Every structure is written in structure tokens, then in C-alpha cells.
Amino acid sequence: MLEHVLVLSAYLFSIGIYGLITSRNMVRALMCLELILNAVNINLVTFSNFFDNHQLKGNIFSIFVIAIAY
């Protein structure tokens, strides 16, 4: 399960980086930046659940990232 989620996150991150580098439109660049932040959030929540089930540090950090992004 961990490997599948990490592959999904890496795939989203690479799509976001490619789109951020090649986009000329500002709206598309912001959408690609959101993809990158969502990939980071997926990693935070996944590692939080994998390494420490009792504390919600990764989930809290992902909420902070979402709040800062908007």
C-alpha cells in the first residue's frame, strides 16, 4: 500500500513540475503548483499513518499546507 501511494504522489509531483516549467499561462502554472502541493500532502498523510498511528502530525501539517495554499 505504501509503495502505491508514493508512486501516485511522485506521478502527481512530476506532472506538476513539468506543467510548471512548460506553462506560459499563469492560471495553468497555479494549477500545477496545486498539484505539487497535493503530492506533498499525500506524502505527509501517508508517512504519518505509516510511522505513527496515534499522533496526527502529518495530517495537521497537511491542513496547514492547504490553508496556506488558499
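This is a predicted model: local features need pLDDT of at least 70, side-chain atom pairs count only at pLDDT 80 or more; totals for chains, interfaces and linings use all residues.

Reply: The helices α1 and α2 pack with their axes 8 Å apart and at an angle of about 160°. Helices here are DSSP runs of H or I with at least four residues, numbered from the N terminus. The axes are lines fitted to C-alpha atoms over the stretch in contact, and angles run from 0 to 180 degrees between N-to-C directions. The two helices are therefore roughly antiparallel to each other, a term for angles over 145 degrees.

Residues are numbered from 1 along each chain as its sequence is written, and side-chain values use heavy atoms, with hydrogens and water left out.

Contact means heavy atoms within 4.5 Å. On the side of α1, the residues that meet α2 include Leu-2, Ser-9, Leu-12, Phe-13 and Leu-20; among their counterparts in α2 are Ala-29, Cys-32, Ile-36, Ala-39 and Phe-50. The residues of this contact divide into 17 nonpolar, 5 polar and no charged. In this division Ala, Val, Leu, Ile, Met, Phe, Trp, Tyr, Cys and Pro count as nonpolar, Asp, Glu, Lys and Arg as charged, and the others, Gly among them, as polar.

Ala-39 belongs to helix α2 and is buried, with a relative accessible area of 1%; buried means under 20%, exposed over 50%, and partly exposed in between, with a 1.4 Å probe and protein chains only. Apart from neighbours within four places in sequence, Ala-39 is in contact with Ser-9, Leu-12 and Phe-13. Its C-alpha atom is separated by 14 Å from that of Glu-3, 36 residues apart along the chain.

Leu-20 lies in α1, which covers residues 2-22. Because its relative accessibility is 33%, Leu-20 counts as partly exposed. Beyond neighbours within four places in sequence, Leu-20 is in contact with Ala-29, Cys-32 and Ile-36.

Ser-23 lies in the loop between α1 and α2, the latter spanning 26-51. Ser-23 is buried, at a relative accessible area of 15%. Leaving aside neighbours within four places in sequence, Ser-23 is in contact with Arg-28 and Ala-29.

Definitions and conventions: Angles under 35 degrees count as roughly parallel, over 145 as roughly antiparallel, 65 to 115 as roughly perpendicular and the rest as oblique.
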